[in-house]
Amino acid sequence: MKLTSADFIQALRKIADRIEQEKDYLSELDRAVGDGDHGVTMSIGWQAVKAKLEEFDGNSTCGEICKAVGMTFLNAVGSSVGPLYATAFIRGSAVLQGKTELNEDDIVQFWIAAVNGILERGKAQPGEKTMVDAWHPAMAALKASREAGKDLAASLEDAVKAAEQGMKSTAEMLSQKGRSSRLGERSLGHQDPGATSAYMILDSFTHTIKSLQSLAS
Amino acid sequence: MKKLINHPAAVVEEMLEGFVAAHSRYVRQLPHNKRSIVSTNTVRPGKVGVICGGGSGHEPSFLGLIGKGMVDGVPVGNIFASPPPDPILEVTRAVDAGAGVIYLYGNYAGDCMNFDMAAELAGMEGIRVETVRITDDVASAPKSEEDRRRGIAGDFLVFKVAGAAADQGYSLDEVVRVTSKANQVTRTMGVALSPCFNPQTGRPSFELGPDEMEIGLGIHGEPGVQKGKIKPADEVAGELLDRILADMPLSRGDRAVVLVNGLGSTTYMEFFIMYRRTAQILAEKGVEIHRSYVGEYVTSLEMGGCSITLMKVDDELARLMDHPADCPMFVQM
């Protein structure tokens, strides 16, 4: 399948809507381990992105859209998620430069570059109760499924399942990074809000890909 | 939760408009980004620029500390969230007077990433930036891992040292040296009595029973490290000091600066009752109190409770703590 710039914009808008719907839940999760505002922060960032997307259309390249998303998110939120997702989108934009139509491999490369950006910027390892616990297994699954010859939608579905599993596993982890790390053992039993919003982002994107694919077939 | 606000999404912008209007003698907003607040009268050729910052909700920190003998500029973040690199870079350009700039902030993941990105961008423009991350919160990591600790009320004392050093004409390297030294001898332990309410979620930052207190709170409403029944002030002060002194022993003849910092909704009456016991304990140990600060310096919206900070001072730090300061929300003659 192919993804046009217009489709890409649509996928990003849907992520913003999903985060908006879930923002209270995300803040609720954060109240147990942090300062209770993860949903607010993600909402501020994605609403700013949604507004920025108005400046783009089907003639824009996915690379320029992506870069604008990163810078807009960063300057709307700061925080720790600002630099992490900004780096993700800016790294992702490098893969999509000059393209107004993306093939399946472009999208896979986009996600891998984006998540590598998160890993490098945040320096978190899997198992430290962060968003990496969703992103890292998701990318491993995405690569494995592609190598096994699955199409993009099926590979992304596998990635979402891995992200969900990773997200749930954070409840059993001791927090090692960020403000929640001060809690030590009291962080046990609580699912990480950053891993949860990571799962939501990938899940929303995958839904868009699946609905585009079913429209096309 | 009752708050005197207009719209939850507008609280930071409206606070800044009011702050700058009230204190236009001291501060101005930069035109490109209204979250960039700089001094009107402290930047002068050859003086190291001092920038501190972080999220909103800690007032008087950080913007209330812009002024002579303190800091030259503050990039302002959302509530409890680091500012992005944009306003940090803009403030950096505005306060650089050829001698370089120092960034001071509590050691939080978000602040570290955003300020580092800004420092990198400033470096590309030829502005030399150095950073000292403040790590006074004893409760936030064990003794062997001091560099993982967070900055809380001790921020204020470390800002004070850096601001005084810069005002006295220290070079950037020297400001970094003395500020790092100040950070290394500053320790804080806090107690929370009630949570704060983020105006954007309207929810309490944590739950605490009516007869409970929590030792080791963070300044963002993060839960503490130990919950228990509320105790008399003397016992609480004793417990906080025990933890500080176990981490940074003080002996007879040592000198300390003491800060009893309110978190937002606790009364000055309670601060002074806490200070009273703190002074007694230090006197018993033969520790001389060089100077004291009692009041609200680094708050956490309307969180209830307070913290005790000790800075062990040598002659140089004592002299810098005595240097005058004149800011909208902090004056020392």
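## Burial and overall form of chain B

A residue is buried if 20 or more other C-beta atoms, placed from the backbone, lie within 10 Å of its own. By this criterion, 55% of the 333 residues of chain B count as buried. The model is predicted: local features need pLDDT of at least 70 and side-chain atom pairs count only at pLDDT 80 or more, whereas totals for chains, interfaces and linings use all residues. Residues are numbered from 1 along each chain as its sequence is written, while chains are lettered from A and ligands numbered from 1 in the order in which they are written.

Chain B has eight helices and 15 strands (DSSP runs, numbered from the N terminus: helices are H or I of at least four residues, strands E of at least two). Its radius of gyration, taken over C-alpha atoms, is 19 Å, close to the 20 Å given by the globule rule for 333 residues, so chain B is as compact as a globular protein of that length. The rule is 2.2 Å times the number of residues to the power 0.38.

I308(B) lies in strand 13 (residues 304-312) of chain B. This residue is buried, with 27 other C-beta atoms within 10 Å.

Two residues are in contact if their C-beta atoms, placed from the backbone, lie within 7 Å. Apart from neighbours within four places in sequence, the contacts of I308(B) include T188(B), M189(B), A237(B) and V260(B).

## Where chains A and B meet

In this model, 24 residues of chain A are in contact with 31 residues of chain B. Helix 1 (5-33), helix 2 (38-53), helix 3 (62-77) and helix 4 (81-95) of chain A each supply at least two residues of the side that touches chain B.

Methods:
Buried ≥ 20, exposed ≤ 12 C-beta atoms within 10 Å, placed from the backbone.
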